[in-house]
Amino acid sequence: MTRISVQIYSIREAGDFDTQLALARQAGFEWVETVATHGLSAPDFAAKIAAHGLKVSSMHAALLQLEGGDLPLLAEACRLTGCPLIVMPWLPMGLRSATAAGWRAMGERLAALAEQVNALGLRLAYHNHEFEFLSYDGRTALEWLFGATTPA
């Protein structure tokens, strides 16, 4: 099944969450990628999604949210909306390594996090940017990251 989704982050300047959802639906989208739960409880988040006749294909969640105790909330929001995928969208400057070993360590960190996410019946994805294509010891940062993980 093809799911063409609008990334809510890309229309974040359109107004509040309800306005963004209404805009997505008005533009003909059935699927959205959210930014975590937009500060809402899981039931309130799911109710807003349903009220606009939308479905959640994936949700962005920052590394610090995922490791900092928000994973149960995100998993519940995913369960309530049928969202199968959490996407870790960004590494802040302070978490970007200048060495291959550092990128490999981040990959191991993400792999451990993916195990937790998978145990909740969800999948974890990584949204890359240009900085992951810089080379460290003959491999890109992205290759070091993925080399430390499993396909799951």
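Helices (H or I, at least four residues) and strands (E, at least two) are taken here as DSSP runs, numbered from the N terminus. The model is predicted, so local features need pLDDT of at least 70 and side-chain atom pairs count only at pLDDT 80 or more, whereas totals for chains, interfaces and linings use all residues. Residues are numbered from 1 along each chain as its sequence is written, and side-chain values use heavy atoms, with hydrogens and water left out.

Arg-96 belongs to the loop that runs between strand S4 (85-88) and helix H5 (100-119). Buried means under 20% relative accessible area, exposed over 50%, and partly exposed in between (1.4 Å probe, protein chains only). Arg-96 is buried but has no salt bridge, and Glu-130, the nearest side chain of opposite charge, is 5.6 Å away; a salt bridge is a side-chain nitrogen of Lys or Arg within 4 Å of a carboxyl oxygen of Asp or Glu, and Lys and Arg count as positive, Asp and Glu as negative, with His and the chain ends not counted. A polar atom of the Arg-96 side chain lies 2.7 Å from the backbone oxygen of Leu-91.

Two residues of the loop between strand S2 (31-35) and helix H2 (42-51), one of them Ala-36 and the other His-38, are set out below.

| Residue | Phi | Relative accessibility |
|---|---|---|
| Ala-36 | near 50 degrees | 5%, buried |
| His-38 | near 55 degrees | 25%, partly exposed |

Most residues other than glycine have a negative phi.

Phe-146, in helix H6 (residues 141-147), is partly exposed because its relative accessible area is 45%.

Key
A polar contact is a pair of N or O atoms within 3.5 Å; within protein, one must be able to donate a hydrogen and the other to accept it, and residues adjacent in sequence count only if both atoms are side-chain atoms.
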